[in-house]
Amino acid sequence: MTRAVSLRARLILVILPPILSVAVLAGLWQLNNARQTAEQVFNKSLLAAALAVANDVAISGGDALSVRTRDILASTSGGVVFYHVYAPDGVIVAGYATPPVGIDRDGGQVTDPTYFTARYLGRDVTGVRLRTQTEIDGLQGLYTTTVWQDGVARDGFVRDLVIQSLAVLVTILAALGVIVWFGVRLGLRPLLDLEQAIAQRSGEELGPIRRAVPTEVSGIVGTLNRLFGQVSRSMQAQSDFVANAAHQLRNPIAGVLSLAEAVNSAKTPEQVRERSEDLLEAARRTADLTQKLLVLERAQSMSQSIASEDIDLTVSIREWIGGDHRFGKSGVTLTLSLPQEPVMIRADATMLREAFVNLTDNAFAHGGAALSEVEVQLDAQGGHANIRFRDNGKGIPDADIERALKRFVQLGETGTTGLGLSIISTIIEGHDGRFSVARGQSGFSATIRLPLVA
């Protein structure tokens, strides 16, 4: 048997990849969010520092920064903050003499801050440039204030945010992995219990599984129970067949042997002929009983799943019953009332033929001297085919109908096997149909009901 991937592994492989994919997307989103957050935090800090420097330069003429401004520069995120202020004519007013390299000195509107990335003393820096209309020492115009700081601080801030986020994400993923692992194990526990229940079944114990199971496997359990039931019925049928055959064939076989010995010990040709006729009749009865037992055993073990042939009852009944030569020879009249259109059912044609043959056999065997007419009617209604069989023989008393349907029950000295009606009933039930014998009727009357082909 080929071993497939375990169900536990399948579930984990189905659950974890989507979670990991979501985690990767969340990590990328968090990285971008950390960068945007760092940019906003640093830009606001730099803008606040630029506004403070521009204000102090306008007030003091560039001579000094206030204590508050120096505090702002010292407390700005990311370390040391550099600044530079130059007049409209390009002369430095305050701050560090060497500004960052790569800043566009043109463009922009008054009071509109411009954020930039540039180089300062060989290092990448980020900053903001702010232009304000100011007058210092009689020179009025557009003064430019530039504030910047090392970009390493901003990158470090982003890195710290990402590391913290990843640490939280990895912890959550690890917890989810553990939860999924144990959750799958707990979720599959009913399947393990079901496995133990199935393992307890044996040839002697094929009872249905009666325990609470998840909805997803209830169909499997139902199928198993049906299978157990079919196997159990098949085994019971075989056991019954062996018991019945052993019981019912013992006396006929003993009789055949006794008659054979009588033939062998006959002293005159007349005795040989007489005893040979008795032997032949006993052998025929034994052969008939054996054949009936085999048919009954097959009927008991059959199921609708093996009925794989669509047959037209209109044609089949005309062939099976109408073709019986006994009607013409015995003086018994046969009336067939069959529809013109096909009546289709799905059945085992051989076994169904046995049922109808047994019906006619029953009529000839039990109808008695009064039997002169047999009538068969067929119609289709309500999704079923209805076959009504009636003869005007002596029939079966109402009190004996239940006994007549049982195996090996003989009503009177008929010399039959007592299996005919039980064979019919078993075959019809094997086709999901119903066989019933009418009560309160003169003669014999029975009805067969079979499902039509959908």
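**Contacts, rings and sheet**

Tutor: Leaving aside residues up to four places away in sequence, T126 touches L46, F116, T117, V147, W148, Q149, G151 and R154. The model is a predicted one.

Student: Is T126 buried or exposed?

Tutor: T126 has its place in strand β4. Its relative accessible area is 11%, and the cut-off for a buried residue is under 20%. T126 is therefore buried.

Student: What distance separates the C-alpha atoms of T126 and L46?

Tutor: L46 is among the residues that T126 touches. The two residues stand 80 residues apart along the chain. Their C-alpha atoms are separated by 9.1 Å.

Student: For the protein as a whole, what share of the contacts between residues at least 6 apart in sequence joins residues at least 24 apart?

Tutor: The protein has 10 helices and 12 strands, and 35% of its 454 residues are buried. Among contacts between residues at least 6 apart in sequence, the share that joins residues at least 24 apart is 63%.

Student: How are the rings of F82 and Y120 arranged: stacked, edge-to-face or tilted?

Tutor: The count of aromatic pairs in the protein comes to seven. For F82 and Y120 the ring centres lie 5.2 Å apart and the planes meet at 50 degrees. Planes under 30 degrees apart count as stacked and those over 60 as edge-to-face, so the pair of F82 and Y120 is tilted.

Student: Which strands does this pair tie together, and how many residues apart in sequence are the parts?

Tutor: F82 lies in strand β1, residues 81–86, and Y120 in strand β3, residues 114–120. F82 is buried at a relative accessible area of 18%, and Y120 is likewise counted as buried, at 9%. The pair therefore ties β1 to β3, parts that are 38 residues apart in sequence.

Student: What is the arrangement of the rings of Y83 and Y96?

Tutor: Their centres are 6.0 Å apart and their planes stand at 80 degrees. Since planes over 60 degrees apart count as edge-to-face, the pair of Y83 and Y96 is edge-to-face.

Student: Where does Y96 lie, and is Y96 buried, partly exposed or exposed?

Tutor: Y83 lies in strand β1, whereas Y96 lies in the loop between β2 (92–95) and β3, so the pair ties together parts 13 residues apart in sequence. Y83 counts as buried at 16% relative accessibility. Y96, at 35%, counts as partly exposed.

Student: Which residues form one aromatic cluster with F82 and Y83?

Tutor: F82 is paired with Y120, and Y83 with Y96. W148, which T126 touches, also belongs to the cluster. Beside F82 and Y83, the cluster holds Y96, Y120 and W148.

Student: Which strands stand at the edges of the open sheet of five strands?

Tutor: The order of the sheet is β7-β9-β10-β12-β11, with mixed pairing. Two of the strands each have a single partner strand, so one side of each is left without a neighbour in the sheet. These edge strands are β7 (333–337) and β11 (434–437).

Student: Which strands does helix α6 touch?

Tutor: Helix α6, residues 313–320, packs on the sheet, and its direction makes about 170 degrees with that of β9 (373–381). The strands touched by α6 are β7, β9 and β10.

Student: Within what arc do the buried residues of helix α2 fall?

Tutor: The buried residues of α2, residues 67–75, are T69, I72 and L73. Seen down the axis of α2, they line one face of the helix, because they fall within an arc of 95 degrees.

Student: Which residues of α2 are exposed on the other side?

Tutor: T69, I72 and L73 are the buried residues of α2. On the other side of the helix, the exposed residues are V67, R68, A74 and S75.

Definitions and conventions. Residues are numbered from 1 along each chain as its sequence is written. This is a predicted model: local features need pLDDT of at least 70, side-chain atom pairs count only at pLDDT 80 or more; totals for chains, interfaces and linings use all residues. Side-chain values use heavy atoms; hydrogens and water are left out. Helices (H or I, at least four residues) and strands (E, at least two) are DSSP runs, numbered from the N terminus. Buried means under 20% relative accessible area, exposed over 50%, partly exposed in between (1.4 Å probe, protein chains only). Contact means heavy atoms within 4.5 Å. Rings of Phe, Tyr and Trp (its six-membered ring) pair if their centres lie within 6.5 Å; planes under 30 degrees apart count as stacked, over 60 as edge-to-face and the rest as tilted. Two strands pair if DSSP finds at least two bridges between them. Axes are lines fitted to C-alpha atoms, for helices over the stretch in contact, and angles run from 0 to 180 degrees between N-to-C directions. The arc is that of the directions from the helix axis to the C-beta atoms.
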